[in-house]
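Work through the following exercises with the sequence and the structure open beside you.

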Amino acid sequence: MLEIKNLHADINGREILKGLNLQVNAGEIHAIMGPNGAGKSTLASVLAGHPAFEVTEGEVRFLGKNLLELAPEARAAEGFFLSFQYPVEIPGVSMVNFLRTAMNEQRKYRGEEPVAASEFLRLMKEKKELVEMQSNLTNRAVNEGFSGGEKKRSEIFQMAMLEPRLAVLDETDSGLDIDALRIVANGVNKLAAPDRAIIVITHYQRLLEYIVPDFVHVLFDGRIVKSGGKELALKLEAEGYDWIKKEQAP
Amino acid sequence: MNNQDATSISSPLGSLGEAKYIDLYKQERETIRKNSSVLFTNYREESFERFRRLGFPTTKQDDYKYTDLTSALSVDYALNTDVENSGKSPYDVFKCTVQGIKSYLYFVLNDAFYPSDVKKETLPEGVVIGSLKEIAGTRPELIERYFAKQSAKKEDGMAALNGIFAQDGFFMYVPKNVSLDKPVQLINIMRHDSDFMANSHNLVILEEGAKAQLLVCDHTADDVRFFSNRVTEVFVAENAVYEHYKLENTHSKTTNVSTLLIDQKESSKVLNNIITLHNGLTRNNIEIALNGEHTETLLCGMAVGDKNQEVDNYTSILHNKPNCHSTELFKYILGDESKGGFTGRIYVAEDAQKTEAYQNSKNILLDKTARMRTKPQLEIYADDVRCSHGATIGQLDETAMFYLQSRGISESEARLLLMYAFTADVIENIRIDALKDRIKLMTEHRLRNNSASSDSCVICR
């Protein structure tokens, strides 16, 4: 589904990703862990098409297409979804209007008819229940005045509405208390499907108790330096990243 | 004679074609006097003297720095000196139904009140709405106490010119403790076969405890150059509640100068919402004098500009008494070569303690060629006050743009959503639901067809 080969990316002329390789197949859940500054969020941003980052080398294929050639909105319509570490507040744009526009723009891209109003409302209701999102949040402006937990829940709610093929969750656990974490993780688990892949980017093992990955990767200094099963996350939790750093030292 | 010589040497007075208007008045003085109410004669003569002294405003004056009328005034407009109706009907170009808005509908065609379809007996008892000129004849006692009481104090060349030539306009009187059950709608519509200038004077009076909503729409119908120069005086007595909406949707050959003067007495509440959706060159002078304690005033506005459009809102809130509250919010979205100007003058008199005055001017420039000049001007002579002002000029928020795009929303649609969202808090301050819905639609329509010309009125399509 997703194939990343030798990916290099810069921001303001500083190289952050330095030859990253990763393959993700449908139905799989991958976790990417690593110390601060390793390039985890950069990877998420580059995949989503953030204009601040420049890809200098390498290739990313997503469902057979060259992802890097697509505008951010086209990536979304092709089935890519990023759950933001810091979701943006957009005063004046209602959640309902935002989601309906997003859904219909994606449909337009794919040559499909716009969603009927009644169908849209039914979906909203269904997906809100899935992430245990309070009803009144969707009556408000996008993320405006949401608490940290509500923002993250809103991201997963959007994911549920847009039904992507590949979802990247960037530090979805940061700023969540244990109850919120469980609810968000439950939502993600319910969305896991054989034709869908999920990449969880996280600092801590904690989230992986709830979203159990098939593969764990360690991102260090712009490259994936170690991959393994879920036990790798436990080792990182227990021992930290020092042993990785030592291994990487020349 | 002396005057003429002096000005031609020491100041640019006369350079904007004042002589034409001065001569016209000298020539037509008797005709104008004959055709209009005696109540207006003194004011007309004072205005004439004032205009001779002031001339047209130029960008050298601080107050008019952002409004350059040079090219608009170089046009040889026709003017009426006898404002009988020209025979053209506003109704044939204008079937106005702001959908769902049930209003008392009136027209000022160019410079004269147009006979209305509204039956007098449908108005609440005691309410008088009609032609200023006619009512000055039939009910002079309603007008005498108020007419020109504010405008005669304005040291402003445009207001002075208006004083010379205006003979008619819209008049509304709401007696003590009477509430109008429906909004009143006034359509100023310009219709003429050749380049034309209209001056009109509106007078709105709310007695103690009265309530009214007035929606003023400025429109143009024919493809010629128009100059409209209107003065509106509003008197809001103790405990009265008044809402004034001004919606401009004129074509790009229009110059629209509007002077809105509001006098607020104790515990009165006023809301103004000044919306410029499409225009040529617009100058709004808005002055709200808080002349009683515990008054509240909310002044909002927005402007959407593209091509060579120019919008300048010059606002002045005078806190003359203690314990008053004012809030001001203006938002502009400017693209292409359009220009915006905003001045927010807040004056707090020496004994106007416990004044609260808040002002915000927020602006988005869509293109590098668009220009915005915004100026807060606080003059505070009291010491126990709360005042704040803020002004921003920026582009659309890029992090929000990316967020929307990352959800599949195209760049153009994302821009539209953000522009529309930017205006939302101004539109929220429309307290007539049907009008609010309509303005939402019109704003979206306007933003979507940013470069499309809007030669007819979108409000009534």
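**Exercise 1.** Describe the secondary structure of chain B, and decide how compact the chain is for its length.

*Solution.* In this predicted model, chain B is made up of 10 helices and 20 strands. The next step is to set its radius of gyration, 22 Å, beside the 23 Å that the globule rule gives for 461 residues; the two values are close, so chain B is as compact as a globular protein of that length. Along the principal axes, the C-alpha atoms of the chain fill a box of roughly 70 × 50 × 50 Å. Buried residues, those with 20 or more other C-beta atoms within 10 Å of their own, account for 54% of the 461 residues in chain B. Finally, among contacts in chain B with a separation of 6 or more, 84% join residues 24 or more positions apart.

**Exercise 2.** Compare the span of helix H3 of chain B with the expected one, then list its buried residues and say what follows the helix.

*Solution.* Helix H3 of chain B covers residues 41-54, which is 14 residues, and from its first C-alpha to its last it reaches 20 Å, close to the 20 Å expected at 1.5 Å a residue. Within H3(B), the residues Ser47(B), Phe48(B), Arg50(B), Phe51(B) and Arg52(B) are buried. After H3(B) comes Gly55(B), which has a positive phi, near 70°.

**Exercise 3.** Characterise the side of chain A that touches chain B by its elements and its residue classes.

*Solution.* Begin with the count: 21 residues of chain A and 16 residues of chain B take part in the contact. On the chain A side, at least two residues each come from helix H2 (72-78), strand S7 (90-94), helix H3 (95-109) and helix H5 (148-162), and H3(A) gives the largest share, five residues. Sorted by class, the residues on this side of chain A are 14 nonpolar, five polar and two charged.

Key. Residues are numbered from 1 along each chain as its sequence is written. Chains are lettered from A and ligands numbered from 1 in the order in which they are written. This is a predicted model: local features need pLDDT of at least 70, side-chain atom pairs count only at pLDDT 80 or more; totals for chains, interfaces and linings use all residues. Two residues are in contact if their C-beta atoms, placed from the backbone, lie within 7 Å. Helices (H or I, at least four residues) and strands (E, at least two) are DSSP runs, numbered from the N terminus. Ala, Val, Leu, Ile, Met, Phe, Trp, Tyr, Cys and Pro count as nonpolar, Asp, Glu, Lys and Arg as charged, and the others, Gly among them, as polar. The radius of gyration is taken over C-alpha atoms; the globule rule is 2.2 Å times the number of residues to the power 0.38. A residue is buried if 20 or more other C-beta atoms lie within 10 Å of its own, exposed if 12 or fewer, and partly exposed in between; C-beta atoms are placed from the backbone. The expected span of a helix is 1.5 Å times one less than its number of residues.
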